[in-house]
Amino acid sequence: MCTAHPAYARARARRPGVRTTPDSVVGVSELLDPPLAVPVPDPVPAGEASSSRARGGPFRAGDRVQLTDPKGRHYTLTLQVGGQYHTHRGGLAHDDLIGRPEGSVVVSPVGTPYLALRPLLADYVLSMPRGAQVIYPKDAAQILMWGDVFPGARVLEAGAGSGALTCSLLQAVGPSGTVISYEIRDDHLQHARRNVETFYGDVPPNWVLRPGDLNVHDGSAEPVDRVVLDMLAPWECLDTVRAALVPGGVLVGYVATTTQLSRLTEALREQQCWTEPQAWESMVRAWHVVGLAVRPEHRMIGHTAFLVTARRLADGVVPPRPQRRPTGR
């Protein structure tokens, strides 16, 4: 990876004692995503796990609740009997929410109203403690759709990062599916475990989190239907992925730079066991809509990463040669 990359330079500035030339993929990863020094909040207590996973119905003790004030600011709390949440507009009693339906409004002692709802997965992802940069909801949605992640699917993921995409994959495959996540960095592994456990209330029984490199995966013993690669050098794992992915299965690569995009795409073509790779990025722009004042917002979520998809061909099949127009001179 080029040392002139802005993220690389920023990481070096934050960690001046780090060697200028990392000697491994892990070293580069630690430069781009330095380990966090701040502690990660503990997950919801085990005794409250069942209520924290509940969707719908009245609020219960143990539920995570997102309060929204009139200015659109969000505050997240976990309900406890007798508890109180302190804001700059006064304290809010948890008991005023327990037993009430979602979409209720609570009022602070000075008269400020707060709308109470359970946070969506997208809300949780954007506010979760993180070690690695999370995969944004816009990209996670693309991965689930174009990766065709279905209920009951067996999904192989590398790396787990902060667990944002893992939460989406587990929700998509459902209790009958399986997600196997590999993570090479111990600090990221701990963040992934805590974040997934916090969102689901406990560690989902259909999730397997493994430390180490994806290349140790035994594809003959554990075949999978889908593979998602979010790592610095995904082309180094394509032999392992080919052995594990069933014919017709989908590979999704998530890479940050054009050089990574080019190298992954060409490596897939060279293997001659994939459909023609497809590559794209997504951008999201919100709109301001108040009466006749309708205009795009000044800020948007632009480039976050490139996505690459390809499907595994049957053994011994050579893909048809794509017909491309000759390059103009």
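This is a predicted model: local features need pLDDT of at least 70, side-chain atom pairs count only at pLDDT 80 or more; totals for chains, interfaces and linings use all residues.
After α5 comes Asp148, with a positive phi near 50 degrees. Asp148 lies in the loop between α5 and β7, and Asp148 counts as partly exposed because its relative accessibility is 43%, a value that falls between the limits of 20% for buried and 50% for exposed.

## Packing of α6 against α7

Two packed helices are described by the angle between their axes and by the distance between those axes. For α6 and helix α7, the latter formed by residues 186-200, the axes come within 9 Å and cross at roughly 45 degrees. The arrangement of α6 relative to α7 is therefore oblique, and the crossing in which α6 passes α7 is right-handed.

On the α6 side, the contact is made by Thr166, Cys167, Leu170 and Gln171, while α7 contributes Asn195, Val196, Phe199 and Tyr200. Sorted by class, the residues of this contact comprise 5 nonpolar and 3 polar ones, with no charged residues.

Which residues is Thr309 in contact with, leaving aside its neighbours within four places in sequence? They are Trp146, Leu251, Val252, Glu276, Pro277, Gln278 and Trp280. Thr309 counts as buried because its relative accessible area is 12%, which is under the limit of 20%.

## Backbone exceptions

Most residues other than glycine have a negative phi, and most peptide bonds are trans. Against that background, Asp148 has a positive phi of about 50 degrees although it is not a glycine, and Gln272, also not a glycine, has a positive phi of about 60 degrees. Gln272 is placed in the loop between α9 (258-271) and β12 (278-280), and with a relative accessible area of 42% Gln272 is partly exposed.

The peptide bond that joins Ala158 and Gly159 is cis, with an omega of about -10 degrees. Gly159 belongs to the loop between β7 (154-158) and α6, and α6 is the helix whose contact with α7 includes Thr166 and Cys167.

## Cysteines and overall organisation

How many disulfides does the structure hold? The number is 0. Cys237 is buried, with a relative accessible area of 2%, and Cys273 likewise counts as buried, because its relative accessibility of 7% is under the 20% limit.

Taken as a whole, the protein has 9 helices and 15 strands, and buried residues make up 43% of its 329 residues. Among the contacts between residues at least 6 apart in sequence, 62% join residues at least 24 apart.

How values were computed: Residues are numbered from 1 along each chain as its sequence is written. Side-chain values use heavy atoms; hydrogens and water are left out. Helices (H or I, at least four residues) and strands (E, at least two) are DSSP runs, numbered from the N terminus. Axes are lines fitted to C-alpha atoms, for helices over the stretch in contact, and angles run from 0 to 180 degrees between N-to-C directions. Angles under 35 degrees count as roughly parallel, over 145 as roughly antiparallel, 65 to 115 as roughly perpendicular and the rest as oblique. A crossing is left-handed if the near helix is turned anticlockwise from the far one by less than a right angle, and right-handed if clockwise. Contact means heavy atoms within 4.5 Å. Ala, Val, Leu, Ile, Met, Phe, Trp, Tyr, Cys and Pro count as nonpolar, Asp, Glu, Lys and Arg as charged, and the others, Gly among them, as polar. A disulfide is a pair of cysteine sulfur atoms within 2.5 Å. Buried means under 20% relative accessible area, exposed over 50%, partly exposed in between (1.4 Å probe, protein chains only).
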